[in-house]
Every structure is written in structure tokens, then in C-alpha cells.
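Reader: I have a structure open and would like to go through it piece by piece. Could you put it up here?

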Amino acid sequence: MIKKQPNMNVGAAILFAIFGLLFFVLIVRYYTIQITGEVGGQPLAAKAQQKYSKEGILPAQRGEILDRTGEVIAEDTVSYKLVAILDKKMTTDPKKPRHVTNPRETAEKLAKYIDMDESDIYKRLTRKGLFQVEFGKAGRDISHETKIKIESLKLPGITFLRDSKRFYPNGTFASHLIGYADKIEQKDSSFKTIGKMGIEKSFNNQLTGTNGKLDYESDLWGYILPDGKQKVTPAKDGQDIYLTIDKKIQTFLEDAMDKVAKQYKPKKIIAIVADPKTGNILAMGQRPSFDPDTKEGITKSWHNEAIETSYEPGSTMKIFTLAAAVQEGVFNPNETYQSGSYRVTNRDKAIHDHNYSGWGTITYLEGVQRSSNVAFAKIANEKLGFERLREYLTKFGFDKPTGIELPDETAGKIRYTYPIEKITTAYGQGTAITPIEQIQAATAIANDGKMLKPHVVDKIVDHDTGKVIEETKPEVVSQPISAKTASTVRDYLETVVTSPNGTGGRYKIEGYSVAGKTGTANIPGPGGYLKGANNYIFSFLGMAPKDDPKLIVYVAVQQPQLAGMETGQGAIPVSGVFNPVMQNSLHYLNIQPSVIEKATVNKLPNLKGNSVEETEKDLKEKGYETVIVGNGTDVVDQLPKANTPVLEGEKVIIKTNGELTAPDLTGWSLRDVMKFANLTGLKLNSKGNGYVVGQNIKPKAPLNKGDFLIVDLKTAEEQWNQQQSDQKEDSTSKKETSKKTVQD
């Protein structure tokens, strides 16, 4: 025992020295950290701040797109993002798993609800070393309905994160003008909404907001500490864009295009409705189109045809050649010329009228009405001169973009080198221009010579405060003609619609005078112009009412499928869009109809204050059809007004001092219905042409000022066809009933 003691003392001494050294190192390290506040050259406080301080993103809302009345056309709406938790550590209770436990089954069931193959889903669910996975585009923008269905499957580890998506509540509605926005993946794997077409693209910066952030202190698991410091930087939402588009008028246009597209299956339809007093575009559409929500149909047409495509306009170009000639004082409507063909030089081929042979010797006004190419070739060469005509093409804006607030606008391509090109340009061949350029030029005709820049944006508004940031004002870009010239040109263009010789007879609208010009444009092909009766772009550029136009409507229909095509039948599908859109829009805007009828009897006396009974008796004796509105005893108002010439048999509507009730409008003309609506303060919407066959307010129902009156109209031919169809169905039904009775 005595021999072991020295060895034990040496061992103890060594251990004491080692532990003493370690203790010394710890003490030095402790005081070093206390004094310097650093570890390994890194500030300790910063490391702690980095570990326990978190930053949350407060997403900004993309600005809304609205029509001119404030109706929402595009907005952000709630959606959900699908997420799968793969980390087994998330499950604390095996009976209630919180991670994906069966990837194969989960993939099979999810494939039924998201646009991703089962095999691709399975690959994502079996990735190693990941806490969670997402499903790309297929897992974003999940609707609330789909979310509920997936949640009902009770799949372990499948959860949702709240997100947002761009929503277009009207579906296919001015789609190329509005455009669409998509979520695009960024370099940091985040997603950002970016406009890809139309207003969404051209105003992407204004529509895009600035995300806010939340800086906060958290515990080890990421939860906010109750007494921790928090700093909030609020999000700045994107600006709202108010368009000049009117939802009601745009709906008229969409419905009319759908009907024509279904019936005639054209390659394209392009249509624009504009206010000539402001340059505002009230509606713009095309077929084919697409649904910006689902993107269905987008592969058929990427371009806004009204803005991005130039083509030969055809005879609608004659409007502006005519205007130049009238302005220069070289157009004499009564002067005659030989129609049929014309040769500008001995070297050039002769150009011909559309019927090739012409109509003999006719006046220049008849040449306008018949859309004679020869008339306009002679005007360009012999009356105006090519140099002056070229100057007017620039004044009317055909050689540069309009500057409308839409992306990728193209300019017209004027071919004006050789004499033959110069005369063909005068009547709309060879040279290519865009529909929006035609609309801009037409504002000069409709607006007393002042040509207005077209606009689709009314104002830009701060989404959070409602403050107007920018507002569009009418902008005169040129005055190519005088007010007198504009009025004269409209008078000539009215005869295109009203004259028996005119090519625009299909564009008559009851109650309104229409001025306009038809167009039939050739389509270039591999070996020259396409052949065949249907291979044209048929169009009409019209304005109404003629004396003070409130609307300009341009419609072009390319290669409709028309059976038994004859001259003039190309107007059938074009008028199928133009007429209902122009008519319904004028009614919607409460534009009073023109007075067409002339009195053949006496002027109507002032009936106010008279007895209803005596007034009705007196008017009946004079041959007037009297309609009494209300159950009162005294007359308080009348239409037509006092001292107005009235035709024998015309309806005279009497408003009494009693409660107003609706009459039976069956068989009424639209003109008489408009009188009634005007007298009673009703808002009128009409569908169809001809005479009333249905009304939304039942006869004898009470009337209130501001109510909507909706009437269905059909022509006599349509009513007869319907009657024959009903009789056939009734006859068939009776035969079947009789047959069934015999069998029984």
C-alpha cells in the first residue's frame, strides 16, 4: 500500500492540472465573449437576432380593372395553394399523422382534382430530405370548391395555404383588350403576377402593388413571442384602372358576335364601338376570342386584331377620299361620268367596278352610293390629284399608330409609289390600315372635322384612397376637314343607306338616320388575291344619328360561310353585328330617335288639363289611335307634344294624373314604345326588330319612374315563320296524341 501512494498522487496531480487548464480556458473564453460580444469573429447578438427574428411578407393586392361605370372586369380573388408535408417529425401522434404516409394512394386521389399526372405527383411525394413539396402551376389557384373536395378525402399531410388569383368575372368579355395576368416563377422560386396581354400588360406597373412586411421576434419553433418587438410595413395595393368600355354596350357586342359566329362561322370578326365626341372606345371585341380565366381558346388568336393587324380596308376607305374631295371643293354630286372601267395610264391595267361592267353614265353621288371604284379613281387622279390625296391620308392619321393605350399597336402601310397604287389606295385596295385607325379617322367625319385620339383608359385611381391619379381628356390630334365638310359628307353617306341604289340598305335602323359606307376587301394569297365568293373581308363603318352622331360602329367579318353568294350578301353577317349593337346602344344611351314621318293631317293640340274621357273621344273622331296611361281623370302630359304634326292612325299617348299602369304593347312599333318609355320615365331595352311580341312588365301592372322596360320584337316575316312552326308542332302533337289514344 505504501508503494502505490506516490503513483496515485502523480495521477491526481495530472488530472488536477488538466481540469485546472480547462477551467482557465473557459474563464478566459467567458470574459472574452463578455467583453468583445463576438464568437469566431461574428457578433453574438446579431446571430441571436438572426435566429429568433423573422420576417413575414404582407402581399399587396393587384389593382382592379373596371368599366366606365365602376363594374369590375378584373380583380384579385381568394384561391389556395396545395402543399404536401413530407417530414415525419411533424407527426407526434401515430393515430393522427400530419405527414404523407401513403404516397401512392395520395397521388392517385389528388390526380382526380389537379392537372398533374399521378406519376408526377408520386415523384414529388417521395422526394427525400424535404420538409414539404408544392405542385407548381397545377397546385396553385385552387378554388374553394376544389379545396373542400380534397379536404373531404382526409389525406394525411395534405394541406392548403391561402393565396390569391386573378379573376375575370365576365368570362369572354373584351378579352384581347383586357388581356390576362399570370403568376410567373422568379429566380428565388417565388411567384409574381405579371400582365401578359392588353391592359394587364400595358399597365402592369400601375396594377402591381408593393408588398409589405412584418418583422417580429419568435421562439425556437417560429411562433411570435408575446412580448417580442414587431415592426409592420403595410403593403401598397396596385392602382385601379377605369376603362372607357361600357359593360352594357360590350355585352351587346359580345352577344351579336356570338350569334353571327355560330351562324356563319367566319374566320374572323372585328368590331369597335366609339364615342366620336371624346374618342372613347365603348366596346371592342373579336372572334375567335378566349376566356381569360381558363385560357380556353387563346391558341386560336393571340393578337388584338383591331390594334395589331393591318389589312386592306376595302370601300370604307372611300369615306376619306370623299371627304378630301368635298373639302377641296372638287366633288360635284350631280356631275356624271362613265362607270365600268378606268385606266390611269396606258401602261397600267384597267381597274373595274365591282360588277365589272358598271352602270353606264351615272352621277358621282350615285357612284358613291353604288361604291364605284371608277368614281373614286377619277376623283383621286382627275379631281384631287395624287399629292393632295396623299396629304389627306396623313391628316387622317393612316401612316402612324394612334397611340391608344394598348400594347403592340401597328401602323398602316400605305403603298403610294406608282399611279396604279395611288388610285387603288383611294378606294381601299393595296394599302393596309388598322380598324382603330379607321375609327380615329371617322371621328373627324362625325365630330365636325375634329379628329380625336382613341382611348380605352378613362382614369387611374389609387386603390387605397380612391384619389384620381391620372384622368384622360379628349385629345384633338388633327382637323383634316371643316365642320361644313363633315356635315356634307354625312349627308352623302346617309344616301348609301337610304337610296335604292345604295349598297348599305341592310344597315337601316328604325327611328334613326345612319350614315356609313360598306366595304368588300380582297384577301391576299400565295398567287395574288384569293378567289371565290366568300373570300373577302366584308365590313361597314357607320355612325348615328346622322346629324349629330353619338356613336361610331365598325364591323368587319372575314370569309363567312354564305350559301348561294350574290352581290350584297356579304352584308348579312356584318349587319347581324352592326344593327343590334348600334340600335341597342342608342336606346341604352337614351339617344332620341330622328323624326322620319311627315304629317299628312293636322298638328296635335295641347291636351294638358283636358278631361281624359273627352280627349279620347275627340282624338278617336279625328282618326288617331289613343293610348291612355294611368287611371286618372285629367291629362297631365302627352306624346307627341302639342303643335307636332301627326299622321292619321298614329298612336297618341296620354298620361293621366292617376296611378300609371302598363298597357299591352303587343304589335307596337319600336318608335311608339320609345314614346311610351319617354313619357313614363322608363328605361327601355329592346331585343330584335319589327313589332313587339313580348314585354317584361305585364299589362295593367303599376309603373314606377326608372323601372326597366324590356321588349322583344320580331318582323312580320319572323312572326309568320314562328306561327307556321307552332302550327306544325301543334299538328304533330295532335297526331301523336291521337295515335296514343288509339293504341290505348
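Author: What follows is a short talk through this predicted model. Residues are numbered from 1 along each chain as its sequence is written. As the model is predicted, local features need pLDDT of at least 70, side-chain atom pairs count only at pLDDT 80 or more, and totals for chains, interfaces and linings use all residues, while side-chain values use heavy atoms, with hydrogens and water left out.

Reader: How many helices and strands are in the protein?

Author: The protein has 21 helices and 33 strands. Helices (H or I, at least four residues) and strands (E, at least two) are DSSP runs, numbered from the N terminus.

Reader: And what share of the residues is buried?

Author: Buried residues are 46% of the 744 residues in the protein. Buried means under 20% relative accessible area, exposed over 50%, and partly exposed in between, with a 1.4 Å probe and protein chains only.

Reader: Which residues touch the most other members in the largest nonpolar core?

Author: They are L177, I199, L243, I281, M284, F396 and I445, in a core of 91 residues. A nonpolar core is a set of buried Ala, Val, Leu, Ile, Met, Phe, Trp, Tyr and Cys residues joined through side-chain atoms within 4.5 Å. Apart from it lies another core, of 54 residues, including M582 and L684.

Reader: Why would such side chains end up together?

Author: In soluble globular proteins, nonpolar side chains tend to be buried together.

Reader: Take F396. What is it in contact with?

Author: Leaving aside neighbours within four places in sequence, F396 is in contact with F320, A323, Q440, A441, A444, I445, M451, P480 and I481. Contact means heavy atoms within 4.5 Å.

Reader: Change of topic. How far apart are the end C-alpha atoms of α9?

Author: They are 25 Å apart. Helix α9 covers residues 247-264, and at 1.5 Å a residue its 18 residues should span 26 Å, so the two values agree. The expected span is 1.5 Å times one less than the number of residues.

Reader: Which of its residues are buried, and what covers them?

Author: The buried residues of α9 are I249, Q250, F252, L253, E254, A256, M257, V260 and Y264. Their cover includes β13 (268-274), β14 (281-287) and α18 (571-588).

Reader: What happens at the start of α9, and just after it?

Author: At the start, a side-chain oxygen of D246 comes to within 3.0 Å of the backbone nitrogen of K248. Just after α9, K265 has a positive phi of about 45°.

Reader: You mentioned β13 and β14. What order do the strands of their sheet take?

Author: The order is β14-β13-β27-β26-β23, an open sheet of five strands with antiparallel pairing. Two strands pair if DSSP finds at least two bridges between them. The edge strands, β14 and β23 (515-522), each pair on one side only.

Reader: How many bridges join β13 and β27?

Author: Seven bridges, in the antiparallel sense, with β27 covering residues 551-558. V273 has V553 in β27 as its bridge partner.

Reader: Which helix lies across that sheet's strands?

Author: Helix α16 (residues 435-446) lies across β13, β14, β26 (536-544) and β27, and it runs at about 145° to β27. Axes are lines fitted to C-alpha atoms, for helices over the stretch in contact, and angles run from 0 to 180 degrees between N-to-C directions.

Reader: What about Q559: buried or exposed?

Author: Q559 counts as buried because its relative accessibility is 12%. Q559 lies in the loop between β27 and α18, and its phi is near 50°, a positive value in a residue other than glycine.

Reader: And K154, buried or exposed?

Author: K154 is exposed, since its relative accessible area is 71%. K154 sits in the loop between α5 (144-151) and β7 (158-167), and its phi is positive too, about 55°.

Reader: Last one. What does the side chain of Q369 make a polar contact with?

Author: With the side chain of T495, at 3.1 Å. A polar contact is a pair of N or O atoms within 3.5 Å; within protein, one must be able to donate a hydrogen and the other to accept it, and residues adjacent in sequence count only if both atoms are side-chain atoms. Q369 lies in helix α12 (residues 364-369) and is buried, with a relative accessible area of 7%.
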